[in-house]
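Subject: Handing over a structure, with notes

Dear colleague,

I am passing a structure on to you, and below it you will find my notes on what turned up in it. Please keep the structure open beside the text while you read.

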Amino acid sequence: MQPRGLSLAWLTLPLLVQAAPDGSWCYDSQNPQCGPSHWKDLAHPCGGLAQSPIDIDRRQVKLDLSLGPFVFEGYDSAPPGPWRLLNDGHTVLLNLEGAQGRGRGQLCIQGGGLPHIYCALQLHFHWGSPKGNGSEHTLDGQRQPMEMHVVHMNTLYQSLAEARGHPGGLAVLAFLFKVQNEDNANYATIVSGLRNISHQGQSVELASTFRLDQLLPGPDLLSRYYRYPGSLTTPSCDEVVLWTVFEEPVPIGKSQLAQFVSTLQASAPGTRTVNMIDNFRPAQPIGARRVLASWDATVSGAPAFSLPAKAWALACLLLSSGPAL
Ligand SMILES: [Zn+2]
């Protein structure tokens, strides 16, 4: 993920990772000399023990009954905007704060086992190449076609810089994609904007905003997710992120995915063409961490997470819901 979203952060964050001789980090597809294996030389946290992304091995996840449903605020109406789509040289990023900043039109989440209310800064994507998939998180060792990160900041903090200094300062919702033959009309606005931002540094104001929940799986499927503590998946790799990886993939059309893979360049106008492909970080060691599964997410393999355990969990939830049920 990339933390940029606050307008101030757009100006300041790149300065924090300019330790490399050429002043930047990249993916191997751009230049192996500044790819992920070198990031720890640019930013010390990138070599830490709680990095992201990871493989989510569903034989090893632990059921956690406290991981209930999310409450999404503002996701069900088009915010006043405007929204700007940006090619920042590493990804395509949609600023979700809008012209009015914090307040009206804000998109926020709570519940879902999160300790506080978190509000959205931006969303962006990671994808592969014509040869392979490009999600960051893998599921049972399988890389998926694409991944979207919706980056939220803890409302305890006033700025991204402050949030990046505290564990739990950020909460990122990660959505994996599956490819289908038909286009997903809900992604038409974003996909049609790609051709206007083919080069690094280019941005376009979308004609309108839209309901953000249209980009997500159906509401009845959003209670199935995995949770673990991790990091930003790009330098500075701060270990301050509560990750939520949803189990249900988002469908995207084959030709729509191809637009991400073929339209975008990591290079600026007038410079040597560098295709923006394979912009994902490889899976990092999980170490001592344990991935938790929400009460109705799929768990597999271990006897402790068998069907009776799930039935027991469901019974507990129903009883705690009160007499209305
Ligand atoms: Zn990301």
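For how many contacts beyond four places in sequence does the model account over residues 302–306? The model has four such contacts there, and pLDDT stays under 50 over that stretch, where pLDDT is the predictor's confidence in each residue, on a scale from 0 to 100, and two residues are in contact if their C-beta atoms, placed from the backbone, lie within 7 Å. Residues 4–21 also stay under 50 in pLDDT, and for them the model has 32 contacts beyond four places in sequence.

Two remarks on how to read the rest. This is a predicted model, in which local features need pLDDT of at least 70 and side-chain atom pairs count only at pLDDT 80 or more, while totals for chains, interfaces and linings use all residues. Residues are numbered from 1 along each chain as its sequence is written.

The chain as a whole

The protein chain averages a pLDDT of 87, and 83% of the residues score at least 70. Its secondary structure comes to six helices and 16 strands, where helices (H or I, at least four residues) and strands (E, at least two) are DSSP runs, numbered from the N terminus. Of the 325 residues, 42% count as buried; a residue is buried if 20 or more other C-beta atoms lie within 10 Å of its own, exposed if 12 or fewer, and partly exposed in between, with the C-beta atoms placed from the backbone. Among contacts between residues at least 6 apart in sequence, 74% join residues at least 24 apart.

Strand E13 covers residues 225–230, and because five of its six residues are buried, it is largely enclosed by the rest of the structure. Strands pair if DSSP finds at least two bridges between them, and E13 is joined by six bridges to strand E14 (residues 241–246), with the two running antiparallel. In that pairing, Arg227 stands opposite Thr244 of E14. E13 also pairs in the antiparallel sense with strand E16 (residues 292–293), over two bridges, and there Tyr226 has Ala293 as its bridge partner.

A three-strand sheet

Three strands form an open sheet in the order E1-E8-E9, with mixed pairing. The edge strands are E1 (55–56) and E9 (142–143), each of which pairs on one side only. Strand E8 (residues 138–139) pairs with E9 in the antiparallel sense over two bridges, and Leu139 has Gln142 in E9 as its bridge partner.

Backbone details to look up

Most residues other than glycine have a negative phi, and most peptide bonds are trans. Against that background, a cis peptide bond joins Ser52 and Pro53, with omega about 0°, and Pro53 lies in the loop between helix H2 (39–42) and E1. The peptide bond from Pro235 to Ser236 is also cis, with omega near 25°, and Ser236 sits in the loop between E13 and E14.

Cys237 is found in that loop between E13 and E14 as well, and has a positive phi of about 60° although it is not a glycine. Is Cys237 buried or exposed? Cys237 has 28 C-beta neighbours inside 10 Å and therefore counts as buried. Asp278, in the loop between helix H5 (254–263) and E16, has a positive phi of about 50°, but with 19 C-beta neighbours inside 10 Å this residue counts as partly exposed.

Gly68 is found in the loop between strand E2 (62–63) and strand E3 (70–73). Its C-alpha atom is separated by 6.7 Å from that of Trp295, although the two are 227 residues apart along the chain. Leaving out residues up to four places away in sequence, Gly68 touches Gly111, Gly112, Gly113 and Trp295.

With best wishes
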